[in-house]
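Dear colleague,

Please read them with the coordinates open beside you.

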Amino acid sequence: MSPHYPLTYTTASVPDARRSEILASPQFGRHFTEHMATAVWTIEDGWHERTVGPLEPFTLHPGTAALHYAQEIFEGLKAYRHADGGVFLFRPEANARRFARSAERLALPQLAEEDFLASVEALVRADERWVPTPISEESLYLRPFMFAADEFLCVRPPERVIYSVIAWPTGPLFASGHTGITLWVSGRYTRSAPGGTGEAKCGGNYAAGVAAQIEAKQHGCDQVMYLDRIGGEGNLEESGTMNLCLVTSDGHLITPALGTILEGVTRDAILTLAAEHALTPMEQMISLDELRSGVADGSFTEAFAAGTAAVITPIIGFKGEGYAFTVGTGTPGKHTLALRDHLLDIQYGRVADHHGWMRRVL
């Protein structure tokens with residue numbers, strides 16, 4: 001039996017007119033829904049105090065461990081409104097498993113898959129009216145997270161942890177997502193290293209990347225592209241918030257191998273869909289030199305970024321210190337657009353889900 005998250009409705013609902021205004025133009029991470037799911041773990045009692053209640057601030061002691069040692073993890077997934085009015089999640093089981101792996105790496109207690117799914121589904125049911133009816137790519141973004149809540153400062157596994165799920169309606173992550181983005185190849189910053197936390201979805205990875213994103217913006221780029229070493233040479237890893245995929249002229253879809261990067265749920269779905277688009281999926285290391293020479297001689301014909309928020313976003317160019325180059329014709333490639341449409345059609349229920357990826361909530 002799945003764990004139960006009893007619901008207490010908010011007494012301060014957002015007025016219908018205001019909610020309609022937000023849903024008409026949703027922004028990523030801007031306007032939150034009215035409820036939140038929570039649970040508490042202690043070393044004595046395990047997971048307990050499960051509930052869905054009004055969205056409200058946490059009250060934290062200044063000595064709360066997560067504020068000092070960044071002992072926290074999170075996930076990101078979406079709920080989609082289908083044409084029949086039903087609401088579906090895309091591969092939430094994969095997010096649950098990655099959440100457990102991240103917890104293990106950060107020495108946090110693991111939340112069972114059925115508990116993760118129950119909490120997410122309970123919040124979607126409570127805030128169903130916040131799930132947009134899509135005009136283009138609107139959806140409800142869900143953010144499960146947990147953090148060390150000990151009021152005790154010592155670097156050790158926590159004895160008290162708070163878990164929560166919050167949500168917000170969202171549209172496309174990039175304003176230029178349909179026409180393509182440009183990435184700045186950083187020679188100054190790296191994201192992770194073997195044995196580090198690159199495979200975990202933890203806040204420290206993203207906080208450390210803000211400076212690199214600022215650097216990218218200063219050079220007129222939309223996001224950063226990390227290498228596995230500083231100095232401007234090395235192997236491609238991933239973008240600041242997305243996995244990288246490349247398409248070759250001989251029909252291969254290549255993405256950097258795992259080890260120091262996040263095992264993206266969207267990335268995995270693309271590797272599965274590749275064969276349906278006459279592409280052979282490959283996971284391997286690709287050097288910056290190989291990318292530059294391959295784009296120059298036409299071996300690499302397309303590039304795109306993949307992630308829950310980004311979906312599939314075409315990459316039309318790369319810049320680095322002293323160089324810039326365009327991928328293909330500088331416009332989104334045909335395989336990129338076909339994969340993007342295929343994935344979105346599955347998520348929004350416009351085509352059959354032959355892979356069993358969609359999980360109905362309502």
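In this model, which is predicted, methionine 225 has serine 239, in strand E10, as its bridge partner. Strand E10 covers residues 236–239 and is joined to strand E9 by two bridges, the two strands running antiparallel. Strand E9 is also joined by four bridges to strand E8 (residues 181–190), and here the strands run parallel; within that pairing, tryptophan 184 has valine 224, in E9, as its bridge partner. As for cover, five of the five residues of strand E9 (residues 223–227) are buried.

Histidine 277 counts as buried because its relative accessibility is 16%, which falls under the 20% cut-off. Its side chain makes a polar contact, at 2.8 Å, with the side chain of histidine 342. When neighbours within four places in sequence are left aside, the residues in contact with histidine 277 are His335, Ala338, Leu339 and His342.

Lastly, on the surface there is a nonpolar patch formed by Phe58, Leu60 and Leu67, which together have about 260 Å² of accessible area. Of these, leucine 60 belongs to the loop between strand E2 (46–54) and helix H2 (65–69). With a relative accessible area of 35%, leucine 60 is classed as partly exposed, since that value lies between the limits of 20% for buried and 50% for exposed.

With best wishes

Technical notes. Residues are numbered from 1 along each chain as its sequence is written. This is a predicted model: local features need pLDDT of at least 70, side-chain atom pairs count only at pLDDT 80 or more; totals for chains, interfaces and linings use all residues. Side-chain values use heavy atoms; hydrogens and water are left out. Patches are made of residues with over 30% relative accessible area and no salt bridge: like charges are joined within 9 Å, nonpolar side chains (Val, Leu, Ile, Met, Phe, Trp, Tyr) within 5 Å. Accessible areas come from the Shrake-Rupley method with a 1.4 Å probe; for residues, only the protein chains shown count as cover. A salt bridge is a side-chain nitrogen of Lys or Arg within 4 Å of a carboxyl oxygen of Asp or Glu. Buried means under 20% relative accessible area, exposed over 50%, partly exposed in between (1.4 Å probe, protein chains only). A polar contact is a pair of N or O atoms within 3.5 Å; within protein, one must be able to donate a hydrogen and the other to accept it, and residues adjacent in sequence count only if both atoms are side-chain atoms. Contact means heavy atoms within 4.5 Å. Two strands pair if DSSP finds at least two bridges between them.
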